[in-house]
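Visitor: Hi, I'm new to this one. Can you walk me through it?
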Amino acid sequence: PVVLVPRTALQMMGTQSVVYVASASEPGRFSQRDVLAGDTIGSQVALLSGVEPGELVVTDGAFFLRAEHERTTPNTARPSAPADVVFPSANP
């Protein structure tokens, strides 16, 4: 199966396409995933690998998550190093 996501979900880290997937068990935590992007169909992009059907992908705010990842990742790490971006929950 092919997963379709809005083009706004797809971010570039150097030459690698990435998306941010929400953690199912930890609210406010997002994992960066390397993906293989396929064809663009209207305003959506087919993801050939990296995301499974049913996973929650960030569509609005993905650029912000990418910027936060770049800000918090040491310069010695490769640009698309797998990492979580964590945001405090609005509810304590």
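Predicted model: local features only at pLDDT ≥ 70, side-chain atom pairs only at ≥ 80, totals over all residues.

Visitor: Which way do β3 and β4 pair?
Guide: They pair in the antiparallel sense, over six bridges. One spot to look at is Val 19, which stands opposite Arg 33 in β4. The hairpin of β3 and β4 has six residues between the strands, and Gly 28 there takes a positive phi near 85°.

Visitor: OK, and how many bridges join β4 and β5?
Guide: Four bridges, again in the antiparallel sense. Here Ala 37 stands opposite Leu 47 in β5. These two strands form a hairpin with two residues between them, and Gly 42 in the turn has a positive phi of about 65°.

Visitor: Switching topic: which residues make up the largest nonpolar core?
Guide: It has 10 residues: Val 3, Val 5, Ala 9, Val 19, Val 21, Val 35, Val 45, Leu 47, Val 51 and Val 57. The elements giving two or more residues to this core are β1, β3 and β5. Apart from it lies another core of seven residues, including Met 13, Val 18, Val 58 and Leu 65.

Visitor: Why would residues like that group together?
Guide: In soluble globular proteins, nonpolar side chains tend to be buried together.

Visitor: What about Phe 30, buried or exposed?
Guide: Phe 30 is buried, because its relative accessible area is 18% and the cut-off for buried is under 20%. You'll find Phe 30 in strand β4.

Visitor: Let's do charges. How many salt bridges are there?
Guide: The count comes to two salt bridges. In one, the side chains of Arg 29 and Glu 26 meet at 3.2 Å, N to O. Arg 29 is partly exposed at 24% relative accessible area, and Glu 26 is partly exposed too, at 39%.

Visitor: And which residue does Glu 55 pair with?
Guide: Glu 55 forms a salt bridge with Arg 33, with the closest N and O atoms 2.8 Å apart. Glu 55 lies in the loop between β5 and α1 while Arg 33 is in strand β4, so the pair ties together parts that are 22 residues apart in sequence. Glu 55 counts as partly exposed, at 29% relative accessibility, and Arg 33 is partly exposed at 26%.

Visitor: Which residues form the nonpolar patch on the surface?
Guide: Val 2, Leu 4, Leu 36, Ile 41 and Leu 48 form that patch, with about 470 Å² of accessible area together. Of these, Ile 41 has its place in strand β4.

Note on methods: Residues numbered from 1 in each chain as written. Heavy atoms only, no water. Buried < 20%, exposed > 50% of the residue type's maximum accessible area, 1.4 Å probe, protein only. Salt bridge = Lys/Arg side-chain N within 4 Å of Asp/Glu carboxyl O. Core = buried A, V, L, I, M, F, W, Y, C linked by side-chain atoms within 4.5 Å. Patch = residues over 30% accessible without salt bridge, like charges linked within 9 Å, V, L, I, M, F, W, Y side chains within 5 Å. Areas by Shrake-Rupley, 256 points an atom, 1.4 Å probe, with all protein chains shown as cover. Pairing = 2+ DSSP bridges.
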